[in-house]
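This briefing is for a reader meeting the structure for the first time.

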Amino acid sequence: MARAWRFGDFVNTDQIIPGRYNVTTSSAELGRACFIEHRPEYAAQVRPGDLIVAGEDFGCGSSREHAVIAILASGVTAVLAPSFARIFYRNAINRGLAVLESPGAGAVQEGSEIELDVARGRVIDHTANREIVARPLPLFAQRIARHGGVLELVRVHGSLNGVCLPACGSAPDGPVPLSPGRMP
């Protein structure tokens, strides 16, 4: 079960990964620097499979893809927020990070034990014993997430239009597995 990390409104990409840490292509290094100035304890305490629950316009600021890479490399597999910056949202989809929009995200508290059903947009807060409805990922985004990102999807199928079959490990009607560190 995922543990929730709470963040407020308008968390920008510089807070997610400060610019001076973008001098590497190492996902592991980016993961260790994730939220290093905004929440210094985060990188040492986040567990694989945890999720971020944020306020309005999460990921605003620059268009740097490093913010999504840092979040994925830290072990987080999903972000729940009322809204996302447009470019961050698309970068997240391209990299296989599940981004779920829900006006009820603010009800989730820091440390809550959460279960996600990305395909159906169900968020179960086991700590508070309630269900929060989120907008499910669009089908194309679910397909990308199942492959761990758009690059892996193209690698497996040769294009974005390749048909997913059970043999590729990504059946079209199956659940969306969110495995930490599964990045192209």
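**Overview**

E3, H5 and E4 together form a β-α-β unit that is right-handed. The model is a predicted one. The strands of the unit belong to an open sheet of seven strands with mixed pairing, ordered E4-E3-E2-E1-E5-E6-E7.

**The sheet**

- The edge strands are E4 and E7, the latter covering 130-133, and each of them pairs on one side only.
- On average, and with direction ignored, neighbouring strands of this sheet are turned by 30° against each other.

**Strand E3 and its partners**

- Strand E3 spans residues 78-81 and is covered on both faces. Ala78 and Leu80 lie on one side, Val79 and Ala81 lie on the other, and all are buried.
- With strand E2 (residues 51-53), E3 pairs in the parallel sense over three bridges. In one of these pairings, leucine 51 has alanine 78 of E3 as its bridge partner.
- Between E2 and E3 the chain passes through helix H4 (residues 66-73), and this β-α-β crossover is right-handed.
- E3 also pairs with strand E4 (residues 98-101), again in the parallel sense, over four bridges. Here alanine 78 stands opposite alanine 98 of E4.

**Helix H5 against helix H6**

- Helix H5 covers residues 86-95 and helix H6 covers residues 139-147; their axes come within 7 Å and cross at roughly 50°. H5 is therefore oblique to H6.
- On the H5 side the contact is made by Arg90, Ile93 and Asn94, and on the H6 side by Phe140, Ala141 and Ile144.
- By type, the residues of this contact of H5 with H6 are four nonpolar, one polar and one charged.

**Helix H6 against helix H7**

- The axes of H6 and helix H7 (residues 150-157) also come within 7 Å, and they cross at roughly 80°. Because angles of 65 to 115 degrees count as roughly perpendicular, H6 is roughly perpendicular to H7.
- From H6, the residues Arg143, Ile144 and His147 meet Val150, Glu152, Leu153, Val156 and His157 of H7.
- The residues of the contact of H6 with H7 divide into four nonpolar, two polar and two charged.

**Phenylalanine 58**

- Where is phenylalanine 58 found? Phenylalanine 58 sits in the loop between E2 and H4.
- Is phenylalanine 58 buried or exposed? Its relative accessible area is 0%, so phenylalanine 58 is buried.
- Apart from neighbours within four places in sequence, phenylalanine 58 is in contact with Val11, Ile16, Phe35, Ile52, Ile71, Val79, Ala81, Ser83, Phe84, Ala85 and Phe88. Among them, Val79 and Ala81 are buried residues of strand E3.
- Isoleucine 16 is 42 residues apart from phenylalanine 58 along the chain, and the C-alpha atoms of the two are separated by 9.8 Å.

How values were computed: Residues numbered from 1 in each chain as written. Predicted model: local features only at pLDDT ≥ 70, side-chain atom pairs only at ≥ 80, totals over all residues. Heavy atoms only, no water. Axes fitted to C-alpha atoms, helices over the stretch in contact; angles between N-to-C directions. Helix = DSSP H or I, 4+ residues; strand = E, 2+ residues; numbered from the N terminus. Parallel < 35°, antiparallel > 145°, perpendicular 65-115°, else oblique. Contact = heavy atoms within 4.5 Å. Nonpolar A, V, L, I, M, F, W, Y, C, P; charged D, E, K, R; others polar. Buried < 20%, exposed > 50% of the residue type's maximum accessible area, 1.4 Å probe, protein only. Pairing = 2+ DSSP bridges. Right-handed = clockwise from strand over helix to strand, strands pointing away.
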